[in-house]
Amino acid sequence: MIRLAWRNVWRNRRRSLINVASMGFGLAAIMFGQSLLRSLQVQLIEKSTGSITGHLQVQDDKADLVKMPDRFIVDPRPAAAALENDPRVRASGGRIHLTGLVSTPATSVGALICAVDPEKEKIITDMHAYMTQGDYLGKTAKGLVLGESLAKRLDLRMGEKAVIMAQAADGSMGAEAFRLVGLYRTGSESFDNQIVYVPLAAFQELLARPGQVNNYVAKLKDIEQADEVQKDVAAALKGLPLRVLSWKQIDHEILGVKAFQDAILFIVLCVVFAIVALGILNTQLMSLFERVREFGVLMAIGARPRWVMRLLLVESALLGAVGTLFGLCVGAVLIAHFGRAGLSLPVGEALSYFLPFPSVIYMRPNWTAHATACLAVFATTVLAALPPALRAGRLKPAEALRHV
Amino acid sequence: MSKAQPLAEARGLEKIYPGGTKVAAVRGVDLRVERGEFTALAGPSGSGKSTLLNLIGTLDRPTKGEVLYEGRSVSRLPASDLADFRLRTLGFVFQAYNLIPVLTALENVEYPLVLQGVGPGERRRAAQEALSWVGLEAYGDRRPDLLSGGQQQRVAVARAIVHRPAMVLADEPTANLDSKTGAALLDLMQALNQDHAVTFLFSSHDPAVLSRARRVVHLVDGELRG
């Protein structure tokens, strides 16, 4: 049967090639869409967690806000121990994220002050990679790193001092002068205009909170392990007034964006599947009408109705297999090419207000999704052949033989 | 099964095609075909020859009456059982040859054996033998479009006999052939009938063809005459 089916598939070569091409390019488009979306989402997560959030954070469990906890961890040592002792953690460190005021003789600007341990922060986030002048705090005890545009607004040059003010532990306004040691440019308006970096110890002194932090952040060796590490660290810290959050809880809006994008992709996929299915249905119906007499002959010489149905389904399955293989090859080549060369999209600009995001997407395969798409396209081709196959199975030999 | 039973028997066969004007293509036909017969159904166009062959060949169901093979009624069998019955018992030759165009001559001849589930080696051997009986052993690898009409009809005959059916039904087998090729085909059918005991029931309105039959059954307006 397979030999006959295979030859029947290529009986009308042009029509079959058009079908294979439509299936193949349809599948390649699906794979491209899946890969693009996946790459975009992965880059979005990498950038978001790599710019500020990290993969896990330990916070005071009574803090109202998750992005910038409004309560401090008075003794971060248990959190430090739990994270540092976990082999799945690449680096961890205490931080303070707090709003404050940066003042120069020229002006004062409200800013988000990130007080960090510079050496640890270089592993946890990639902000140091955006430095355009000076260095990322280095060993300067009261150094200050600003975005270029914020420095310009403050009229502050390298080596000059700015005063940072923030509410201290006793409610008073703490103030301290910090010297500008580095400038960065991410291209993100919210980062470059609003976020300043200072050494953790100096800022703790300014706030009169020695040793205290308002989040203890960790970067994992594998982000996919975030949930299980979160669970284990939470278990280790049980009984303490602390909570352990993964990036999914802190940057939950990214998951919302991801779900939205996945929904759009699903709708697009349904449309593509419908187009493929209609193409196959049309081909098989034409094939049926052209070969009614032949089916009559097959039935006359002893083919059962079910056998004739199977023949049409096998033909469709073979056509589907060729189309799927072709689409898989085209899709894989496209993804491999844009994985190396990158795909330039204005997405960086679209997201630049919120995040430093590159305008080049490096596509990566999403084999689970691609395998599902291949199976779905293949199944669609077989299912689309079902109505004509059922019709062929109901043919009466004598009537089929009279068909012109 | 009793040896007294005819190979095939039509009892009170009637076929009425439904529609605005009901057409009775076959009316009250009783016919017995014994093993080894070389029988022709004669009659002008529209006399019901093809319909009667289709009914006897179980390709169509009668409106009334029944068809029996060796005493067993087959007219009411389900479609799948009828297909199995045809596969084991009957061979068909059609006016328009009706070979499968994507298969070679040898593969066409093999096909009933494929449907029977015969293994590749055995069915190839049987198909080659059948092709040699019709004198086309050298043409096995050719597709139908590379064969003449006469050669295609010989391949169709080989396909009809490859599985050693009890009877071959041929509907106007020479109608699309020139007289010389038609005569050669009839020679072949006669030889198969005499040398290999293949029972033939065929239809024709050509006197030259009918003259070769050992028995001629006349059909006029769907009824047997004489």
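Reply:
**Cavities, pocket and charged contacts**

Helix α10(A) gives four residues to the lining of the largest cavity, the largest share from any element. The model is predicted, so local features need pLDDT of at least 70 and side-chain atom pairs count only at pLDDT 80 or more, while totals for chains, interfaces and linings use all residues. Residues are numbered from 1 along each chain as its sequence is written, chains are lettered from A and ligands numbered from 1 in the order in which they are written, and side-chain values use heavy atoms, with hydrogens and water left out.

A cavity is a set of points, on a 1 Å grid over the protein atoms alone, where a 1.4 Å probe fits but cannot get out; a pocket is an open set with protein on both sides within 12 Å along at least five of seven lines, and lining residues have an atom within 4 Å of a point. By this rule there are two cavities of 30 Å³ or more. The volume of the largest cavity is about 140 Å³, a volume being the space filled by probe spheres set on the points, with grid points joined across faces, edges and corners. This cavity is lined by 14 residues, and A:N8, A:V9, A:S16, A:Q284 and A:S287 are the closest to its centre. Two or more lining residues come from each of α1 (2–9), α2, α10 and α12 of chain A. These elements are DSSP runs numbered from the N terminus: helices are H or I with at least four residues, strands E with at least two.

By class, the lining of the largest cavity has two nonpolar, seven polar and five charged residues. The classes are: nonpolar for Ala, Val, Leu, Ile, Met, Phe, Trp, Tyr, Cys and Pro, charged for Asp, Glu, Lys and Arg, and polar for the others, Gly among them. The second largest cavity, of about 30 Å³, has B:L55, B:T58, B:D60, B:R61, B:P62, B:V67, B:V74, B:S75 and B:L82 in its lining. Five of those lining residues are nonpolar, two polar and two charged.

The open space is next. The largest pocket holds about 630 Å³ and is lined by 23 residues, with A:I52, A:K67, A:F191, A:E253 and A:F354 nearest its centre. Elements giving two or more residues to the pocket lining are α2 (13–53), β2 (89–103), α6 (189–194) and α10 (252–290) of chain A. Of these, α2(A) supplies four residues, the largest share of the pocket lining. The classes here are 13 nonpolar, six polar and four charged residues.

As for charged contacts, the whole structure has 36 salt bridges over all chains, a salt bridge being a side-chain nitrogen of Lys or Arg within 4 Å of a carboxyl oxygen of Asp or Glu. In one of them, B:D84 and A:R304 have their closest N and O atoms 2.3 Å apart. Because B:D84 lies in helix α2 (residues 79–89) of chain B and A:R304 in the loop between α11 (292–300) and α12 (305–341) of chain A, this pair joins two chains. B:D84 is partly exposed at 23% relative accessible area, and A:R304 is partly exposed at 38%; buried is under 20%, exposed over 50%, and partly exposed in between (1.4 Å probe, protein chains only).

Within chain B, B:R212 and B:D187 form a salt bridge of 2.1 Å, N to O. That pair links distant parts of the chain, 25 residues apart: B:R212 is in the loop between α7 (207–210) and β9 (215–220), B:D187 in helix α6 (residues 179–196). Salt bridges with shared partners also join B:E9, B:R11, B:R32, B:E34 and B:E66 into one network.

Back in chain A, A:D60 sits in strand β1 (residues 56–60) and is buried, at 10% relative accessibility. A polar atom of the A:D60 side chain lies 2.8 Å from the backbone nitrogen of A:K62. The side chains of A:D60 and A:R71 make a polar contact of 3.3 Å; such a contact is a pair of N or O atoms within 3.5 Å, where within protein one must be able to donate a hydrogen and the other to accept it, and residues adjacent in sequence count only if both atoms are side-chain atoms.
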